[in-house]
Amino acid sequence: MELYANNLEEQVAEKTRQFMEEKSRSEELLSQLLPKVIAAALTKGESVVPESYESVSIYFSDICGFTTICSTIPPLDVVLLLNNLYTLFDGILEEYDVYKVETIGDAYMVASGLPIRNGRRHATEIACVSLRIRQDIKTFPVPNNVNDNLKVRIGIHSGSCVAGIVGHKMPRYCLFGDTVNVASRMESTGEPMKIQTSENIKDLLDKIGGFVLEERGEIQVKGKGTMKTYWLLSQCESDGCAVSKSAET
């Protein structure tokens, strides 16, 4: 009887260990899909209500000529290309106070200032991420049958938004509001290897200091009419994440 009890105790301990390891893996996976504070709340069974944020910064980018690239390489190579590219981008994000909202094809969306507010620092975090991605993509290896290096088009904007969990089976942390739309337009009306900024985020960066911007002028933006926009060129060397002003080299 004593031997049976000991064996039963060992089996229970082993099952408990396996359960805790599986629980830990599940929680880690959830924290990769959602902001950590949101994932922790859901794990505890807490409800996550939508929340308004007065000031955040949002980044959008896509790969110029991606449709053409897809037509010249096999689908498997497209998947491998995007996986390697997003691995590069994700590694950059880990160095900054930002959250990757989603990827759709070659489109990449990042936000800062939520779900944990960070004052005005969201503008500098997004600006630094933009500069790093533009810099590092220059040396990103491409398949042999792709004739040129990848070129990224980036747009950033600051403003208010609402964020919250959408869905139950595959919950997503989604952002809503005009700020999201404007940030997307900053990307779509931009140019290859340039970072187009709205006047909102330009004003924030000017107040914080340390960044070099150049006026692009007024452009027509769908749903917004005429907007004055700027190119983010670089960060001053004394401020920590400086890169070349040249977007072409």
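Predicted model: local features only at pLDDT ≥ 70, side-chain atom pairs only at ≥ 80, totals over all residues.
Local features need pLDDT of at least 70 and side-chain atom pairs count only at pLDDT 80 or more, while totals for chains, interfaces and linings use all residues. Residues are numbered from 1 along each chain as its sequence is written, and side-chain values use heavy atoms, with hydrogens and water left out.

The largest nonpolar core has 40 residues, among which I137 and L232 touch the most other members. Such a core is a set of buried Ala, Val, Leu, Ile, Met, Phe, Trp, Tyr and Cys residues joined through side-chain atoms within 4.5 Å; buried means under 20% relative accessible area (1.4 Å probe, protein chains only). Helix α4 (residues 75–93) gives this core its largest share, eight residues. Helices (H or I, at least four residues) and strands (E, at least two) are DSSP runs, numbered from the N terminus. A separate second core of 18 residues includes I58, Y99, V101 and A111. Beyond neighbours within four places in sequence, L232 has contacts (heavy atoms within 4.5 Å) that include A127, L131, I156 and F211.

Two packed helices are described by the angle between their axes and the distance between the axes. The axes of α4 and helix α5 (residues 121–136) come within 10 Å and cross at roughly 145°. Here axes are lines fitted to C-alpha atoms, for helices over the stretch in contact, and angles run from 0 to 180 degrees between N-to-C directions. L88, F89, I92 and L93 of α4 meet V129, R132, I133 and D136 of α5.

Strand β3 (residues 107–112) holds V110, which counts as buried because its relative accessibility is 0%. Y99 lies eleven residues from V110 in sequence, with 5.6 Å between their C-alpha atoms.

Helix α2 (residues 36–43) has I38, A39 and A41 as its buried residues. Seen down the axis of α2, they fall within an arc of 160° (taken from the directions from the helix axis to the C-beta atoms), so they line one face of the helix.

Most residues other than glycine have a negative phi, and most peptide bonds are trans. M193, not a glycine, has a positive phi of about 60°. M193 is in the loop between α6 (178–188) and β6 (195–197). L114 and P115 are joined by a cis peptide bond, with omega about -10°, and P115 belongs to the loop between β3 and α5.

Key
Buried < 20%, exposed > 50% of the residue type's maximum accessible area, 1.4 Å probe, protein only.
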